[in-house]
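Here is a short briefing to read alongside the model.

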Amino acid sequence: MFDNYSIPQKTYFEIASLGYLAVLYLISFHDPNREKIRSYKLFRYLEVNMLLALIVSVLTYTFAYPELGTPIPVCTILRTMDSIMCVMASRIFAVYLLAYVDTDGRLKPVMRIGNILIGTYLLLMLLNLPFKFILWYAPDGTYLHGSLFVPIVFTSPVYYLTSCISVLLFRMKFLGARERVALSIASFVTLFGVIIQAATDGIVLLSLPFGSVGIFILYFSLETADYHQLIKNNEKLRLAEQDAIKANRAKSDFLANMSHEIRTPLNAVLGMDELILLETEPGKETDPALIGRIREYAGNIRDAGQVLLSVINDILDLSKIESGKMEIKPGPYQLRTLIGDVHTMVRVRAEQKGLSYVQKIDPGVPDRLVGDELRIRQIMINLLNNAVKYTEAGEVEMEISMQDLTDSSLTLCICVRDTGIGIRREDLPRIFGDFQRLDEKNNHRIEGTGLGLSIVKRMIELMYGDISVSSEYGRGSVFTVQIPQEINRAPEEEAPSEDAAAASEANAFTTPDCCYLVVDDNSLNLLVANHFLDGLKGRVETARSGEEALQKMRQEKYDMIFMDHMMPELDGIETYERSRKDPDNLNLDTPVIMMTANALNGMREEYLDRGFTDYISKPVEIEELFKIVRRHLPPEKVQEAIS
Ligand code: ADP
């Protein structure tokens, strides 16, 4: 039945394009990055549309001839489809190109006008079927064009292609060199084909073959897997660079802030110290007023030292959290005792500022809970300190309540309210970020590192809890914390635990028969340890180096040895290891305690692994020191104080 038909010569270009476009389609189908880039999806549509348009065109110019036996309606449909596919191809080409150049969506009107044109075109093509004014077949089978054929069929493609080229020229400077060249050549080539086809009234069929050449150019310049990979890598690099710049800026701000925060208390420490030295110069008489002043300076030094310590502790906490080494250590505790301690600490600060401090606790909340008391205390103190810090007048309140009570657990709700400066609505989302200080212009006189809340939030998350904030700028803030806690149902212990006893009374015991050795290269540190241990009424000996310590260990049996880590020549660990191998060492079974300023993550475990009996970090707290002494001395050496 196909005997009458032969492939006409004028479609040879189209058949060739069909061949190489099909191959291109198969190659691009194996692109590992396909689907990921928007332009690539559009490129696929463009390829498929062009393939179909070519097939329809070849079919049209082979079969759409009534004289060869094809029914006239089939011929009309083929001609109509052919025209529509060409117009659609030009539209997808324009969408594809705009996706490249119109990154901010400002050129949408170009497409809107195009859509109106294409809508009108499709409508006219539909009307053409009954009214026959664009293209049709005469009853004798002759194919006819109306005078509107060229304007109607070629308006949309020419519009799309010329607007593409104008947009391209207009946006040229925003494109990379490769995009400029590829998009320009592809658009000009395609436009050229359309113009030739229009100018020859459809006798030379070059719009689709030239469009295919355009696609070919686009593929090998902008849509190959390698180029996609390159773009992806460039984008990743760009984002990484932005992140690095941001992180670097945050770190610089933080360091500047931290330097200021550390310098402020340090100034007080050094200044006060200078005053003490001045006022106690040899030859100066000691009168009670002088003693009073010296005590005042010492008090100030202690306060400033504590501020310094809290800054350092914050940094340590943050680094612990960041390296995943912050551990939550749940244990039994008494909520009301904890809240009592917090009250004592916060009330003084609040009253110093003329604020009233109120604590409310829902009487139904069980007292005996299991959780990380230390961290909960840290959270409360942090929020309350902020409330006091950022409030000039009025009241600070902490309310404790509970939710989700079951037999064995509850959610502890801690709500901290203040009548302070409040937080701007736009600042609320970043309040829990690292190093974030808000409203710097108004707050620059208030000390802070911007670390407190970020640590609080992360600690709460480690305990599977939640924190939220609401605030009215200028009127006050409310921080609400929810932390799941277990209820302690174990039978109550009669006596307070050993630790609790030591913690509550620093001078609860003495060790008059004991002799301690403190090893440290820093004479001030030796002095501090010496004075602290003096309180136990034992004998304290000191060594300024590892070598001296080893000698002393050969001469005397001690009850406990405190060893610094960082010392010149023999450091604490080397000294300890040598002492273990020293056959003359009289202290092989003496507890050796690492006493060091090295409070970094995981150090405690490392020292214990090395064989040290225990670890205490500097600055040493007297309570902590006494706890350790009590823990590692045999009970017969400990004499409880009689009160
Ligand atoms: P800082 O050491 O600066 O106080 P935080 O992390 O504790 O750091 O708090 C971050 C910022 O949040 C503060 O700088 C302050 O601007 C704001 N902020 C925290 N608590 C309050 C509060 N109770 N009232 C007003 N602003 C607060």
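**The second largest pocket**

The second largest pocket is lined by 22 residues, and those nearest its centre are Asn 525, Val 528, Phe 532, Pro 619 and Val 620. Two elements give two or more residues to this lining: helix H9 (288–322) and helix H15 (523–534). This is a predicted model, so to speak of local features pLDDT of at least 70 is needed, side-chain atom pairs count only at pLDDT 80 or more, and totals for chains, interfaces and linings use all residues. Residues are numbered from 1 along each chain as its sequence is written, and side-chain values use heavy atoms, leaving out hydrogens and water.

*Pocket details*

- A pocket here is an open set of points on a 1 Å grid over the protein atoms alone, where a 1.4 Å probe fits, with protein on both sides within 12 Å along at least five of seven lines; lining residues have an atom within 4 Å of a point.
- The volume of the second largest pocket is about 1200 Å³, counted as the space filled by probe spheres set on the points, which are joined across faces, edges and corners.
- Its lining divides into 14 nonpolar, five polar and three charged residues, with Asp, Glu, Lys and Arg counted as charged, Ala, Val, Leu, Ile, Met, Phe, Trp, Tyr, Cys and Pro as nonpolar, and the others, Gly among them, as polar.

*The five-stranded sheet*

- Five strands, in the order S12-S11-S13-S14-S15, form an open sheet with parallel pairing; helices (H or I, at least four residues) and strands (E, at least two) are DSSP runs numbered from the N terminus, and strands pair if DSSP finds at least two bridges between them.
- Strand S12 (539–543) and strand S15 (614–617) are at the edges with a single partner strand each, so one side of each has no neighbour in the sheet.
- S11 (residues 515–519) pairs with S12 over five bridges in the parallel sense, and Cys 515 stands opposite Arg 539 in S12.
- H15 packs on this sheet, touching S11, S12, S13 (560–563) and S14 (592–596), where contact means heavy atoms within 4.5 Å.

*Strands S4, S6 and S7*

- S4 (residues 356–361) runs parallel to S6 (residues 395–403), joined by six bridges, and Tyr 357 has Val 396 in S6 as its bridge partner.
- S6 and S7 (residues 409–418) run antiparallel with eight bridges; Met 398 has Val 416 in S7 as its bridge partner.

*Domains*

- The domain assignment, automatic or from a database, gives domain 1 (9–223), domain 2 (331–487) and domain 3 (498–640).

Definitions and conventions. Axes are lines fitted to C-alpha atoms, for helices over the stretch in contact, and angles run from 0 to 180 degrees between N-to-C directions.
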